Amino acid sequence: MQIETTINGKKITLEVANDELLSDALRAKGYLSIRQGCDTSCCGLCTVWIDGKPTLSCSTLAFRVRDKQITTIEGVAQQAEEFAQVLVAEGAEQCGFCSPGFIMTVLAMKHELKNPTEQEIIHYLTGNLCRCTGYMGQLRAIKKYLGGA
Amino acid sequence: MFTIEQVLQPETLEEAYQALHGNISNTVLGGCAFLRLGSKKIATAIDLSELKLDYILEPGKEIEIGAMTTFRTVETHPTLHQLFNGVLPKSVSNIIGVQFRNVVTVGATVYSKYGFSDLLTALLALDTEVELYKGGRLPLEEFLQKSFPKDILTRLFIQKNARKASYQSMRNSLSDYPILTIAVSELNQRWRIVVGARPLRAQLASKASEALSNSKLTAEDIEQSASLAVEELSFGSNIRGSAEYRKAMCKVLVKRGIMEVLQCK
Amino acid sequence: MKYVGKGLPKLDGIRIATGQPVYTEDLTPANTLVVKILRSPHAFARIKTIDTSQAAALEGVACVLTHQDVPKVRFTLAGQSYPEPSPYDRYILDEIVRYVGDEVAIIAAVDEKTAIRAMALVKVDYEVFDPVLDFETAAEHPSVVHPEADLACNIDIGLQQEKNIVCSHINEVGDVEQELAQCDVVVEETYYIQAQAHAMMETYRAVSYLDHTGRLVVTSSTQIPFHVRRQLARALQLPASRIRVIKPRIGGGFGGKQTGCVEVFAALVTQKTGQPAKIVLDRRETFTSTTSRHAMRLKVRIGADKEGFIRALDIEGLSDTGAYGEHAPTVFWVVGEKTLPLYNKTRAVRYHGQVVYTNKMPAGALRGYGATQGTFALECAVNKLAEKLNLDPAELRLKNLIKEGETALAYHGKRLGSSTLHQCIEKGKELIGWQEKYPRKEMGNNKVRAVGMAVTMQGSGIAGIDTASAEIRLNDDGSYTLLLGSTDMGTGSDTILAQMAAEVLETTLDQIVVYAADTDISPFDPGSYASSTTYVTGMAVVKAAQDVKSRIIQQGANFLETTVEEVTFDGQLLHAGDKSMTLEKLAELSILGSGKLQLVGHGTYGSNVSPPPYVAGFAEVEVDQETGKTTLLDYVAVVDCGTVINPTLARIQVEGGIVQGIGLALYEDVKYDTKGTLLTNSFMQYKIPCRKDIGNIRVAFEESHEPTGPFGAKSIGEVVINTPAPAIAHAVYNAVGVSVTKLPITPEKVFMGMQK
């Protein structure tokens, strides 16, 4: 079916299958930052914003984003790079495969929470798994980023 | 791999209900977080998104929660943080992650009667009713115990009262599904003890609740009702834990739940 | 030094962090066939008949391949230098399927949906056999997992096919039984380590196509491009020169991608159809149909005298390699190789045992590679010995551990070139607060806190076997291109190697283009595994840089019409008396006109030692005495990796390894049902640690100087995973007196232990 939606601020008409997932639809459309890390809705790699809320694109049927605002990391490139600079300075991107989903969640947290405590940061990001870094470097980067931003 | 042949986004509940009964494999969509886990072949997927069921209202003596409300909304709702010592936000806050809780819905969780559900355990300890489109309003407990013809869960109603509550769960990894869940609540000296993820679905431990309500709440009484809960409920084994361990944890967590309620303001 | 020792960001950091399309699947050409695998539902069966006609007839299906369509040549998928010690025990597709998830048919179609639809149309009739599921009784089981006559080994690994024994091994120095008999104190315990999953975030994937000359090109998320090329050549019966393997960015490996799990399936489709093909395993396939850590049972006996000197050490192992023998012998040997040399006051040591086939998913290489298993068993036993001797476990270690310049019974007669392990222990004790906290403190409310410790060693590359090369080319603009065959899987090795080159060449990092890896372009490198890249490839890079530097000076002498002795080079300018020339000018002239020579430096390095890095690990836990739940509060890792080339990246390597070790210790349970189906086959059921599970992790370095390493460096990649399991087990024991000998240490095991 055809749906009208907004991706990264641009109105777009998407042709999607009834059972197509948003993650697949976005990749097919060239948003290759969307990664899939699991089949069970629990790794956070595919996180995008739907109407500003961090959401699993792998668990969202594409037709359901009709008339919604989708944001991928490509749509917040400047903010993403600002945080990525801090993250990379800590070496905490490592393999980078989970980074887009992680960064989208960090940026969403920044919008949603004012001066989060360390516990709140950890809680907000628990749904983003990472096997490389051991999380500590990511936490250091977030604290620096929030402290400096 | 699941498949969907047709999608219907009805504008009325009646339309949704009719569609649901059109074909045996027609299905109401919830948050869809678990859709990929199975290989369901759905003829018509009924999406309730257009029915404006994503809300939490508190018109009078009740909290009203629409079926399409997400866990994240429950988790962050200011009133729910104040009521019942925040037992509802507390129950959902450890489930996977924010982006998951922005997907899963209250209605689908309750209607599916998931055994591992944290939320069901907490809801059952409160004065909760569900509303089915055809079946009407009924207590959550009754809904969980009986089976009903295919229907659409539209709303939850929770009595806004001075019930004090505590939520306890046993998890190994903190973002894992629980090994056991417990909710304990008290209103006017009447106690409710609920145990979930046994791994069977949440159930009221009625004898234990009764005994506690009629007791003087001494350490011995608490110990005894925790034991009663273990005796009256059945426990099973799965990859997260054995029945034996679950029984032991039931006793520990029920006690902790009661103690916490006693300390609640 | 200007670059070595600096915590510089990774060269590719910003691009990979912000989601640029630089991974294998992102590079799929248009009109690529999607490859799906039909997998066995049985743990052990023979395919009686397989009917693919309906599936093949479906519109959009390019091919359906079965065991009848593949070369009858056995090979191994283990990424090891030829001749591989792993047995040649698999076909691309076999008539016999040996575990639930084993490949039955390859389906290629225009899209995923069509391929999955076709898969359902393949009709298979199986003759089901009684599977071998328990590795402890595999040797006596009537079923033979590998009955075939053409199973072959390159070297004698002690194979006994009819008994399901893939490898038998014994290494004894001195007489262990006699020494044990003379010891004042002997402890004995049996330990079990589970088949941990790598759980890298990017699952296995490969894309293949034919190039303009008809050569097979395979782009793969692999740690081992050159080994994959050799595997494909054998499996597909093609000359290796007809194959090119390209490695783009990799989304994590941890040793998993040291086994060629998927390349051959896409490549076969391209070979058969001439069309581009891609295979992307989903998470479930990654859990069920690739490889894992080798599950092991290790029985340890340690004997000591009254003074607390360890005199005899005996480890008897049994390893479960699953259905195929990838890395089976080598992982097994490493258990003893990387544990026995730790304690060198011994008079006799022995490591012996067997590796068995079972009808479960094959095991393979995983960070730590046997040392992890060995460290858990040995260090748990050493902690037990300390208790029996009534000695502080740190003191017992300080007394018994090998020191720099010393040798050990099982260290091949060599002397240890570098170690600060004793300082690591002292430093770790201080950081964790050992004096105040050991062994335990009651916190009230049924909570008790305790500390525990363990030490470990690994290697740096494979001595006498793995040899890496590097090339550095001076480009026409005066910049350099560093060509590598090693595979940065997120570790930052490309950056670290560039730092080394920049140091030698006295240039800036932005003047060095790093290219890795492509078998058509890169010099040979076995790949990034066995903790080899910083140490082995690093030395090759240093040599290549020195080589190109001396050629620059030589060329400078020619251009400046003087002798080499007169020329100085500071990285930018060449001087000889009052004459000078910029590097840029030299580069420009080198490729202009007749009689010129573009400058290329080469370096090849293989080491005859594998210098061990060391870690002293300390855990502080809080145990809930009512539930058995262990909460890790603090972990201190003090590391000797020689010279730290890049402290930022080294620290992340340590933290990541520690957390993977915490997963092994506390969360990552592996469960099968009675028919051999893996139940823990998703991130929902197999729990890698999340952010809330890890407590605080603190890392410190105690640098040593390894004389055989680049700038004194050793490795760091693997050694960091080894200490959490034994240190946490020790802390839990100190807290509640429960010794969990079977990983992971779940609340249930601790609770049940407390009821005894």
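A salt bridge is counted here where a side-chain nitrogen of Lys or Arg lies within 4 Å of a carboxyl oxygen of Asp or Glu. The model is predicted, with local features needing pLDDT of at least 70 and side-chain atom pairs counting only at pLDDT 80 or more, whereas totals for chains, interfaces and linings use all residues. Residues are numbered from 1 along each chain as its sequence is written, chains are lettered from A and ligands numbered from 1 in the order in which they are written, and side-chain values use heavy atoms, with hydrogens and water left out.

**View 1. The interface of chain C and chain A.** Contact, meaning heavy atoms within 4.5 Å, involves 55 residues of chain C and 52 residues of chain A. The two chains bury about 4000 Å² between them, 60% of it on carbon and sulfur atoms, where buried area is the accessible area (1.4 Å probe) that two parts lose on being put together, summed over both. On the side of chain C, the residues that lose the most area to chain A are C:M201, C:I652 and C:R691, which together account for 21% of what that side buries. Among the 5 salt bridges across this interface is the one between C:E655 and A:R140, whose closest N and O atoms are 2.8 Å apart.

**View 2. Polar contacts and contributing elements on the side of chain C that touches chain A.** The interface of chain C and chain A holds 20 residue pairs in polar contact, both residues at pLDDT 80 or more; such a contact is a pair of N or O atoms within 3.5 Å, and within protein one must be able to donate a hydrogen and the other to accept it, while residues adjacent in sequence count only if both atoms are side-chain atoms. At least two residues of this side come from each of helix 1 (13-17), helix 7 (283-288), helix 16 and strand 27 (696-701) of chain C, helix 16 of chain C giving the largest share with 9 residues. Helices (H or I, at least four residues) and strands (E, at least two) are DSSP runs, numbered from the N terminus.

View 3. C:M684, C:K687 and C:E748 supply 26% of the area that chain C buries against chain B, more than any other three residues. Between these chains there are 2 salt bridges: B:R256 pairs with C:E626, the closest N and O atoms being 2.9 Å apart, and the side chain of B:R256 also meets that of C:D624 at 2.8 Å, N to O. The latter pair runs from helix 11 (residues 243-263) of chain B to strand 25 (residues 614-624) of chain C.

View 4. Three strands of chain C form an open antiparallel sheet in the order 21-22-23, two strands being paired if DSSP finds at least two bridges between them. Strand 21 (568-569) and strand 23 (579-582) of chain C are the edge strands, each pairing on one side only. Strand 21 is joined to strand 22 (residues 573-576) of chain C by 2 bridges, and C:T568 has C:H575 as its bridge partner in strand 22. Helix 15 (residues 583-590) of chain C lies across strand 21, strand 22 and strand 23, running at about 75 degrees to strand 23; axes are lines fitted to C-alpha atoms, for helices over the stretch in contact, and angles run from 0 to 180 degrees between N-to-C directions.
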